Amino acid sequence: NDGATISRSIVLKDPQEEAGNKLIKNTCGQTLDDAGDGTTTSAVLIQAIVNECVKRPENPMEIRESLLETLPKIIKQIRSQSTSITKEDIHKVAMISAEDESLATNISEIFNKIGENAVITVEDSHEQGISYDLVNGYEANTGFMDQRFADPKDKKARCILEDVHVLVSEKKISAIGDIQPLWNKFAEQGITSCVIVCDDIETSMLNVFLLSKMSGKFNAVVIKASGDALKDIEAAVGATRVTTGGGVTFQSIDMKDLGKCKRVVIDANKSLFIPEDSSKSEMYANHLKKFAKAETNMYVKERLERRISQLEGGIAVLKIGSSDFEREYLKDKADDAIKACKAALEEGVVVGGGQCLARIATNMKAKTVGEQVLKKALLAPFAKILENANKDYAEVLMKGGLNGYDVKNDKYVDMIESGIIDPAKVERCALENAVQNAAQFITMFASITEQQNDPGTR
């Protein structure tokens, strides 16, 4: 029941049909990256928009331009319907997304304890059930330098390393000779993995690390960071960075100059470090506090306070234990729920169940072709929910369903009070991605694919 998971599992034999299928996969993937939820809504919307567009007599370019002109007006309507959430609402948002009471309870507890900027990582547990621990850690807003550093078996395109050393360098890594002394030390101690955080690196050296990883010889993952971010990571992992002038050099570096982490989770945009010892991080945060206290420039002061918060921030480790199949399902739902809660805290919530978009469509005065197309398409998510529940669409509307209808319990209710809500960001991203990709699709008049020969022919 997750749009992105389902779309990833479908591969069509016909190459032209598969091209259309990839459009849906990309749309769902974009929404998942942007908001963490709403992938099914995206899939339903893009299909409905395309269906309406192909019926129109107007030129596709005219339809495309009109769709893109109408989109900001609808986004404005979504934002106008949005309301900020309370601590109690976080549980409701998590429950709608996760569809599991234990997951929703644990996730809402974490947000209430750590705050709206909570960093939560999801892990397997050897024990049955769902629980969480709060640990010291640091999340950097930078990821690996090349997608090929991701574990090919990880469907979220991440690289996860356990009990790993971290090299931090503000000096550019230019040649094999730079890192050879350290690599010799690794070989002596049987160390086969390392995270490298550097200000700059030659492309040839980046390729060396990639080849080494892909060949299985040494698992090195390179992250690019500079300035304050590099210094903060250095403190967070307990390392001493390689510098350009004096101090630690590539030739003099020792194992004690490296940071050590229990766990590092890296994707294309972020890196999560859970160090073995957080004492250096605490000392550096206290050091920054002195500067923040004396700083008179509000912009600089806010940036310092944000860095301090990141260095002091707790990390929640959500542990899920169950059978293999159910555990993977629950981990996916947990990720969705975490992102949905963050989205709700960012931009507030709107009524759920497809009814936010349906209400906007009902109130639209469709004059342009784009407005006419979207007026019909915005009803599709609500109509699909009713169809899946075997409810009569016309009957529900006649009884005032758009004023609030709980499909699961077949009741007419106040949606917000009943906790049937969606993050406004999820609705916005689902609509934006569906409209933009549909607008591109309708202007394509041909597809180019490899020729498929019949079996036995040459």
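Which residues in α11 are buried? The model here is a predicted one, and in it the buried residues of α11 are K301, L304, R307, I308 and L311. They span an arc of only 125 degrees around the axis, so they sit on the same side of α11.

On the face of α11 turned away from the buried side we find M298 and Y299, which are exposed.

As for its dimensions, α11 runs over residues 298–312, which is 15 residues. From its first C-alpha to its last, α11 reaches 21 Å, close to the 21 Å expected at 1.5 Å a residue. The N-terminal end of α11 is capped by N297, with a side-chain oxygen 2.9 Å from the backbone nitrogen of Y299.

Now the sheet. Six strands make up an open sheet, and their order is β3-β8-β7-β4-β5-β6, with mixed pairing. At the edges are β3 (138–140) and β6 (219–224), each pairing on one side only. From one strand to the next, the twist averages 35 degrees.

Strand β4, residues 159–169, and strand β5, residues 193–198, are parallel and share five bridges. V168 is opposite V197 in β5.

Leaving aside residues up to four places away in sequence, S271 touches Y138, E139, A140, T142, G143, I223, V265 and I266.

Last, two loop residues. As background, most residues other than glycine have a negative phi. E99 is not a glycine, yet its phi is positive, at about 55 degrees. E99 lies in the loop between α5 (87–98) and α6 (101–114), and at 46% relative accessibility it counts as partly exposed.

N390 also is a residue other than glycine with a positive phi, near 60 degrees. N390 is found in the loop between α15 (380–388) and α16 (393–398). With a relative accessible area of 71%, N390 is exposed.

That is the end of my part.

Terms used. Residues numbered from 1 in each chain as written. Predicted model: local features only at pLDDT ≥ 70, side-chain atom pairs only at ≥ 80, totals over all residues. Heavy atoms only, no water. Pairing = 2+ DSSP bridges. Helix = DSSP H or I, 4+ residues; strand = E, 2+ residues; numbered from the N terminus. Axes fitted to C-alpha atoms, helices over the stretch in contact; angles between N-to-C directions. Contact = heavy atoms within 4.5 Å. Expected span 1.5 Å × (residues − 1). Buried < 20%, exposed > 50% of the residue type's maximum accessible area, 1.4 Å probe, protein only. Arc of directions from axis to C-beta. Polar contact = N/O pair within 3.5 Å; in protein donor to acceptor, adjacent residues only side chain to side chain.
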